Amino acid sequence: MKFGHFDDANKEYVIETPKTPYPWINYLGSENFFGLVSNTGGGYCFYRDARLRRLTRYRYNNIPLDNGGRYYYIHDQGDYWTPGWMPVKRDLDFYECRHGLGYTSITGERNDLRVKQLQFVPLGVTGEVHQLTVSNVSDAPKDVKLFSFVEFCLWNANDDMTNFQRNLSTGEVEIKGSVIYHKTEYRERRDHYSFFSVNTEVDGFDTDRDSFLGAYNGLDTPAVVAEGKSANSVASGWSPIASHGINISLQPGEEKTFVFVLGYIENPEEEKWESPGVINKTRAQAMIDQFATDEGVDKAMAELASYWDGLLSKYTLTAPDDKLNRMVNIWNPYQCMVTFNMSRSASYFESGIGRGMGFRDSNQDLLGFVHQIPERARERIIDIASTQFEDGSAYHQYQPLTKKGNNEVGSGFNDDPLWLILGTAAYIKESGDYSILDEQVPFDSNPDNTATLFEHLKRSFFHVIHNLGPHGLPLIGRADWNDCLNLNCFSKEPGESFQTTANIEGRVAESVFIAGLFVFVGPDYVELCKRRGLHEEAEQAQAHIESMRKTTLEHGFDGDWFLRAYDHYGNKIGSKENDEGKIFIEPQGFCVMAGIGVEEGLAAKALQSVEEHLETDYGIILQTPPYSKYYLNLGEISSYPPGYKENAGIFCHNNPWIMIAETVLGNGDRAFELYRKIAPAYLEEISEIHRMEPYVYAQMIAGRDAVRHGEAKNSWLTGTAAWNYIAITQSILGIQADFDGLRIDPCIPKDWNGFSIVREFRGNTFNIAISNPNGVSKGVASLTVDGKALEGNTIPVSGSGGTYQVEVVLG
C-alpha cells in the first residue's frame, strides 16, 4: 500500500494523506542550523547541537506520537484547524505534503480556504523561514484569523527531563512590534537568543503557553484559537512560547502571503545589550529584513535548489530502472548528506540529547558524501582525529558544538581507530589532497599535544597490532562495530549501560570482524606509507596484514563461514558449535570484502552460508538462531527479543557489506538482488508493512523471528545510507575514486544491456557510457577516453578541468 508518490522531476516525495503509518519526516538545513519537520508539521530545530542549542521544544514518547512543532492555526467563523492536520486533526478537504531537498511544503484545505506552509533553512542563515500562503478558493469573501505557534526551548534540552523546575522560573521574553524574542538565561552566561517574527503588523500575540492553551488544554484545543482572539500574554517563567495573531480578509480568489522567521542569534559579550536589560536586536533585524518580502524568500529558495543541484550533479546515473535512478541520483545521496550533518544525534528515534557525533559513524558517513563536498570531509576528518588518544584509541563520540570527546559514552571500542584510516583514504582518493596528512592534529583535543594526521593514522593501525589476543586476532575491547556484542561487560544491574559500565580487561575476547576490517583497510595505510617514501614502514605494515589474513583463515573460519568472535573465556561466538548465534553477517561481509579466503574458495562458502541461513524476503538478518535469553557473557545483543535490533534483526547497515562481497566474487545478479531487498524506493508498495519513509533507509527491519517481520525502525540517521550508496555506485555500477584516478569496474546483473553515468572528479567531468553486449556481470574488455584506448580500467586524472567521453565495454 502506498501513501504517496515520487515526483522525480521536482526531486520530491509527495505524501497524499497525513495518516502515514509513522511520521514521515524531512531535514532542513545543510550548514549550522537544522530542523526536523514531519508530514503533519511536527518537529523542532536547533543551531549545531540539538542538546545545547535547541530552539523549540519537542516531547519524545508523547501521545499522540508526533505532537509539537511549528504550527499555524486557522480560525474560520468558529471552526478552527491546521493545514498539516495535526495537532487539531480536523478533516481536510485537501491535503498534500511535499518533502524536497532541504525544504518541506504542506498544503491543507478546509471550507474553501487553502493554506500552504513552506519551511526551509536558507543557505548561510541561522534560522528557518516559513512562507504561509492563505488562499480563498470560494466565490464569497472570507474573514479568518491566523495564529502561529512555537514553544521555546533554548536551554540545555536535557534539563527538560532532569532540572525543569529551574526552567519554570527562568523564562523571559521581549516583544517588539511583530517580533517575539526568547531570552531565557540571556541575562547571565548565554550570548545567544532566539526570535520568531512575521512580516506584517499583528493584531495580537502570546508568549505564555498556559495563557495560549488554557488550563488543562493541549495543542489540539488551544483556548486562544478556539476563541479567535490573542490574549496578549507576556511570559514570566513557566513555559515561554511565541504566537502571532493576524486577522485576514480575503476576496474570492484572493491570496495573501506571510513570511515568518524563526531565528538564532549570537552576540559578542560586549554587544549583548541595547540598553540595560534590553537585548541587542541588530543581527536579528538584519535576518528579518532579508526575508521581509516574497522576493527574498524566492531568491533564497532558488539558491537552495542550485546548491542541491550542484551536489547531486557529482554523480548522475541514467538507467532503465526509475527506482534505481531516483535512489542513486536523489534520495540516497541526500540522506548521506543528512547523516553527515547529524551523525546519529537528532531524528525521530534519537533525541539529540544523549548522543553526539560518532567516531566510527562519522568516518563511515564520510564515504557517502566525500564526492559531494570534499572540503567539508577534510574538516570532519580533522575534528574526528582530534579526539583520538595517544595510544591510537578514541572516544566513541564527540559533541558537535565543542568538538571534544564525549565522556558519557566512553571509549575502548577497538574497531574505532581503523575507520579513521578508511575515511582519510576516501578523502585523498576523491580530492588528491595529500597535504591533509601533514596537518598538526591534537590528541584528546589538547592543542599542546599534537602530531601529524599521518601519525594519527599510524597509531590507528598499530593500535590493532598492539592489542592482539591469544589467537593473534584483534582484541574486541568494549565492542567492535556491533556495539551490543559486549564480551567483556558481564552486566547484572538493571538499567546499566552496556557500553559504559566497568569493562573486564581480560585481554582474551577477540573479534574476527576487526580482523577483516584490518585486512580491508590496511592496504590504504600501506599505500599512504609508500607515497610518503616510507617504504620500510609499508613493508612492515604489509607483513602485519598478511599475518592477520593467515591468522583469520587459521582461527577465524568455522568450516562453512567465518567466526564472529571469541568470548572472555576463549569460547567461539558465531560457530556451528553454538546452539544460538551460530552465524553472523558482519565477518562474512568484511572478510570477503578484504579478499580473505577468496583464492581458497572459503569466501564463496561463506556467502553461500549467508544465503542459506541469514537471508529473508526483507533482507539479511544479523545472526541466527536468535538468542532466546540473556547471556551474561554476550551483553546487550541478547537483551533484545528475537528478531529485533542486534538479536537477529535485519540490520540494514551491514547488508551492503554482503552486496559488496558478492561483487568481489563477480556475482552481479546476486549483489543487485540484495540491493533491491532493502532499497526504500523498491519498498514503497509495502509501506503499510515497512512503515518508515519510502525515500530513505532505516537502520533496522524486524527479522523473521520477530512478531512484525518486515517492519522498519530508526530511519534516516544510519550508516546504512553511506554503505548502500557505496555498494550501488562503486561496487555494482563500478565507478570508484582511487589514488591515481577513476577506476571503472562494474559488477552488474547479466541481463543489463548498459547504463551511463556522469561523474565529476577532481575538477573534470566524465561522461561514462557502459555497454554489456556479451551479457556478463564483471570484467572490462575495453575502455576509451575521447576515442583513445586505455590499458587497464583506471582513467588517469589530468586536472585540466575538461569534459571527457568515456566508452566502456564489458566482456
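**Where domain 2 meets domain 3**

A: In this predicted model, 30 residues of domain 2 are in contact with 33 residues of domain 3, contact meaning heavy atoms within 4.5 Å. The model is predicted, and local features need pLDDT of at least 70, side-chain atom pairs count only at pLDDT 80 or more, and totals for chains, interfaces and linings use all residues. Residues are numbered from 1 along each chain as its sequence is written, and side-chain values use heavy atoms, with hydrogens and water left out.

Domain 2 covers 355–467 and domain 3 covers 470–582 + 630–648; such bounds come from an automatic or database domain assignment. Taken over C-alpha atoms, the centres of the two domains are 20 Å apart.

The size of an interface is often given as the accessible area lost when the parts come together. Between domain 2 and domain 3 the buried area is about 2700 Å², with 69% of it from carbon and sulfur atoms. Buried area here is the accessible area (1.4 Å probe) that two parts lose on being put together, summed over both.

Four salt bridges are found across the interface of domain 2 and domain 3. A salt bridge is a side-chain nitrogen of Lys or Arg within 4 Å of a carboxyl oxygen of Asp or Glu. Arg 360 and Asp 483 form a salt bridge, with their closest N and O atoms 3.1 Å apart.

On the side of domain 2 that touches domain 3, α8 (359–369), α10 (416–431) and α11 (453–465) each supply at least two residues. Helices are DSSP runs (H or I, at least four residues), numbered from the N terminus.
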